[in-house]
Amino acid sequence: MVEKKPIKVISDNRQARYLYEILDTYEAGIQLGGTEVKSVRAGKVNLRDGYCLIRNGEAWLMNVHIAPHQTAGQYFNHEPKRDRKLLLHKKEINKLIGLLEQKGLTLIPLKMYIKGDWIKVNLGLGKGKKLHDKRETIKRRDDERQMARMMKRY
């Protein structure tokens with residue numbers, strides 16, 4: 001029997017689900033340096049402004065802030081907002097190229113987590129929400145919260 005490796009969520013981009021309608025999700029590995037791995041394991045990651053691009057047949061994670069490691073010297077530390085290569089299969093990248101160009105969709109990092117010994121990023125293929133869609137989401141969430149309160153009372 002194969003043991004399932006535990007998943008530890010490092011960072012969650014909750015704002016992405018508010019700003020975008022997520023149509024599909026993908027799991028990708030990420031290419032990191034030594035001090036970046038230490039900072040990620042310490043939970044010092046911010047996915048809020050991040051996005052993904054596909055350049056020259058490679059997927060890149062842009063504008064994600066990984067804080068410099070505290071105990072490493074300035075010379076050996078990494079740049080916090082550098083572009084990081086995502087590790088996806090060629091078939092997945094080709095599929096994403098078609099979707100991103102034809103339908104005008106966006107690739108956004110939703111979650112960063114540790115799966116076993118590997119650091120993974122959950123990517124969402126999303127379409128931007130309009131203002132009225134955002135208002136509808138807020139209204140639905142408030143209604144659900146109010147119904148839960150009423151159910152709790154009785």
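I take two strands as paired if DSSP finds at least two bridges between them. Helices (H or I, at least four residues) and strands (E, at least two) are DSSP runs, numbered from the N terminus.

**Entry 1: the model**

I note that this is a predicted model, where local features need pLDDT of at least 70, side-chain atom pairs count only at pLDDT 80 or more, and totals for chains, interfaces and linings use all residues. Residues are numbered from 1 along each chain as its sequence is written, and side-chain values use heavy atoms, with hydrogens and water left out.

**Entry 2: the chain**

I found 4 helices and 9 strands in the chain. Along the sequence I read them in the pattern β-α-β-α-β-β-β-β-β-α-β-β-α. The C-alpha trace spans about 60 × 40 × 40 Å along its principal axes.

I looked up burial next. Of the 154 residues in the chain, 33% are buried (under 20% relative accessible area, with a 1.4 Å probe and protein chains only). The chain exposes about 10,800 Å², and carbon and sulfur atoms supply 51% of that area (Shrake-Rupley method, 1.4 Å probe).

I then checked contacts (heavy atoms within 4.5 Å). Among contacts in the chain with a separation of 6 or more, 68% are between residues 24 or more positions apart.

**Entry 3: strand β9**

I followed β9, which covers residues 118–128. β9 pairs with β2 in the antiparallel sense over 9 bridges, and K120 in β9 is the bridge partner of G29. β9 also pairs with β8 (residues 106–115), again antiparallel and over 9 bridges. Here L107 has L125 in β9 as its bridge partner.

β8 and β9 form a hairpin with 2 residues between them. In the turn, G116 has a positive phi of about 70°.

**Entry 4: the largest pocket**

Rolling a probe the size of a water molecule over the atoms shows where empty space is left. I use "pocket" for an open set of points on a 1 Å grid over the protein atoms alone, where a 1.4 Å probe fits, with protein on both sides within 12 Å along at least five of seven lines. Lining residues have an atom within 4 Å of a point.

The largest pocket holds about 160 Å³ of space. Which residues line the largest pocket? I list G29, I30, Q31, L32, V37, L87, D117, W118, I119 and K120. By class, the lining has 6 nonpolar, 2 polar and 2 charged residues, with Gly counted as polar.

β2 (20–30) and β9 each supply at least two residues of this lining. β9 gives the most, with 3 residues.

Technical notes. Grid points are joined across faces, edges and corners, and a volume is the space filled by probe spheres set on the points. Buried means under 20% relative accessible area, exposed over 50%, partly exposed in between (1.4 Å probe, protein chains only).
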